[in-house]
Amino acid sequence: MDMREFLGNRGRVTTAEIQMHAGKYVAWSPDGTRIIASSEDPLQLIAAVKSSGFEPSECVLSSIPLADEAIVGGGVDE
Amino acid sequence: MRFSYLSYPVQRPIPALGGRFARSRPVIPVRMSGPAASWLMDGQLDTGADETICEEWVASAIGIDLTNAPRHDVRLVGRTQPVQCRYRTVQIRVTDGVLEALEWTGIVGFVNIRLRFPLLGFAGFLEYLDVEFRGPKQEVEMKPGVGFPGQVVRLSKTP
C-alpha cells in the first residue's frame with residue numbers, strides 16, 4: 001500500500017459519497033479512492049472487507065460521524 | 001511526517017465556525033498489530049485524552065486477548081458514567097508514506113462502547129512524539145520526540 005497515494009486520493013473523495021455513510025463504520029480502498037464497505041457493526045465490516053477481494057491489512061477502517069455531530073470528546077452516548 | 005486534517009461535511013452551518021459547512025479533524029491512519037493480524041484504522045489525535053483508547057473489537061480483530069488484562073475506569077467526555085477500560089500492548093506504526101515510518105509498542109486501552117474514532121492520546125501515542133497542530137493550514141506535523149522508544153524506518157520510496 002502506498003500511504004502517500006492513499007492520503008492524496010482520500011482528500012478528493014466527494015462529500016456526497018462520504019455523507020452516504022454517516023454514522024457508520026467504513027473501510028477505505030487501499031488507494032483511497034473510495035469506500036468499499038460500510039456497516040453499523042464493525043465485525044460485519046471486517047467480514048465485508050475480507051470478502052471484498054482487497055487485502056484486508058491494506059484497507060483503512062474508519063468511521064463517518066453523523067452529519068451535524070460535534071465531537072467534543074471520545075464517548076458517544078447511545 | 002505531515003497529515004492534512006480530514007474534512008467532514010455537515011448539513012447545517014456550524015455556528016462555531018462562522019457558518020462553514022464542514023468540520024476539519026486531525027484524523028490519521030494508524031496501523032495496529034497484534035499476534036494474529038494487522039489493521040489500518042483512523043484515529044483522532046487528541047491532546048485532551050490521557051490515554052490511547054480503541055473499541056474492544058479492535059483487540060479481537062488483531063488477536064489480542066483481553067482476558068485478565070489490567071483494568072481501569074476512564075471518563076470519556078459525552079458519557080455520564082465511567083467506562084471500564086482494559087489494557088494491552090500493541091504494535092503501532094504511523095507513516096504519511098513520504099520519507100519514514102514510526103513504529104513502537106504502546107499501551108492501548110480497549111473499551112466496550114462506541115467511539116467515533118480511536119483516541120490517539122498521551123499514553124501510548126503522543127507521549128513519544130513531537131506534534132505540531134497547524135490550524136490555519138489544517139495539517140499536523142509529527143516527528144519522533146526525544147527518547148523515542150521505537151524505530152524510525154526510512155522508506156525506500158522517496159518523492
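Mentor: In this predicted model, 41 residues of chain A are in contact (heavy atoms within 4.5 Å) with 37 residues of chain B. Local features need pLDDT of at least 70, side-chain atom pairs count only at pLDDT 80 or more, and totals for chains, interfaces and linings use all residues. Residues are numbered from 1 along each chain as its sequence is written, chains are lettered from A in the order in which they are written, and side-chain values use heavy atoms, without hydrogens and water.

Trainee: What is the area buried between chain A and chain B?

Mentor: About 3,500 Å², of which carbon and sulfur atoms give 57%. Buried area is the accessible area (1.4 Å probe) that two parts lose on being put together, summed over both. In chain A, Arg4(A), Leu61(A) and Asp68(A) lose the most area to chain B, together 16% of what that side buries.

Trainee: Why is the pair Asp42(B) and Arg10(A) called a salt bridge?

Mentor: The term requires a side-chain nitrogen of Lys or Arg within 4 Å of a carboxyl oxygen of Asp or Glu. The closest N and O atoms of Asp42(B) and Arg10(A) are 2.6 Å apart, so the pair qualifies.

Trainee: What makes E3(A) and strand E5 of chain B a pair?

Mentor: Strands (DSSP runs of E, at least two residues, numbered from the N terminus) pair if DSSP finds at least two bridges between them. Two bridges join E3(A) to E5(B) (residues 38–45), therefore they pair, and they run parallel. Leu61(A) stands opposite Met41(B) in E5(B).

Technical notes. Helix = DSSP H or I, 4+ residues; strand = E, 2+ residues; numbered from the N terminus.
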